[in-house]
Amino acid sequence: QVQLVESGGGLVQAGGSLTLSCAASGRTFSNYAMGWFRQAPGKEREFVAAISWGGGSTYYADSVKGRFTISRDNAKNTMYLQMNNLKPEDTAVYYCAADRNYGSTRGYAYWGQGTQVTVSS
């Protein structure tokens, strides 16, 4: 089992920045690819970004490309999502996820509980 705990959410004005963190425990962190997802009220959960086991490869949803940056520190068992130039449409609960496989935008095995991000206009 992998336990994941998100933090760093909050309320921010449009154009502002936030950094989310995802702390992992339970298994060897570097054995897992990681991802960020989000779910806005009344909408399905959607993929945001993913990072490979060592952090050398990343990919993003088109809606956040150029504004968000995913990274990880395997020594700290932690993944991050730096979010810049936030827009009201970024408002959602953000979830981190882990899976042994890399390259998918769905089907992750382990999930955190989520952290709320609210962007005011």
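The following exercises, with worked solutions, concern a predicted model.

Residues are numbered from 1 along each chain as its sequence is written. In this predicted model, local features need pLDDT of at least 70 and side-chain atom pairs count only at pLDDT 80 or more, while totals for chains, interfaces and linings use all residues; side-chain values use heavy atoms, without hydrogens and water.

**Exercise 1. Overall fold**

Task: Determine which secondary structure elements the protein has and how its radius of gyration relates to the globule rule.

Solution. 
- Step 1. The protein contains eleven strands and zero helices, where strands (E, at least two residues) and helices (H or I, at least four) are DSSP runs numbered from the N terminus.
- Step 2. The order along the sequence is accordingly β-β-β-β-β-β-β-β-β-β-β.
- Step 3. The radius of gyration is 13 Å, close to the 14 Å that the globule rule gives for 121 residues, so the protein is as compact as a globular protein of that length. The radius is taken over C-alpha atoms, and the rule is 2.2 Å times the number of residues to the power 0.38.
- Step 4. The C-alpha trace spans about 40 × 25 × 25 Å along its principal axes.
- Step 5. Of the 121 residues, 42% count as buried (under 20% relative accessible area; exposed is over 50%, partly exposed in between; 1.4 Å probe, protein chains only).

**Exercise 2. The nonpolar core**

Task: Identify the residues with the most contacts inside the largest nonpolar core and the strands that each supply at least two of its residues.

Solution. 
- Step 1. A nonpolar core is a set of buried Ala, Val, Leu, Ile, Met, Phe, Trp, Tyr and Cys residues joined through side-chain atoms within 4.5 Å.
- Step 2. The largest such core has 36 residues, and L4, M34, W36, M79, L81, M83 and Y94 have the most contacts inside it.
- Step 3. At least two core residues come from each of β3 (18-25), β4 (33-39), β5 (46-51), β7 (68-73), β8 (78-83), β9 (92-99) and β11 (115-120).
- Step 4. Beyond its neighbours within four places in sequence, L4 is in contact (heavy atoms within 4.5 Å) with residues including C22, M34, C96 and W111.

**Exercise 3. The salt-bridge network**

Task: Trace how R38, E46, R67 and D90 are linked.

Solution. 
- Step 1. A salt bridge is a side-chain nitrogen of Lys or Arg within 4 Å of a carboxyl oxygen of Asp or Glu; the whole structure has four.
- Step 2. E46 pairs with R38, the closest N and O atoms being 2.6 Å apart. E46 is partly exposed at 35% relative accessible area, whereas R38 is buried at 5%.
- Step 3. R38 also pairs with D90 at 2.9 Å. R38 lies in strand β4 and D90 in the loop between β8 and β9, so this pair ties together parts 52 residues apart in sequence.
- Step 4. D90, buried at 0%, forms a further salt bridge with R67 at 2.7 Å. R67 lies in the loop between β6 (58-60) and β7, 23 residues from D90.
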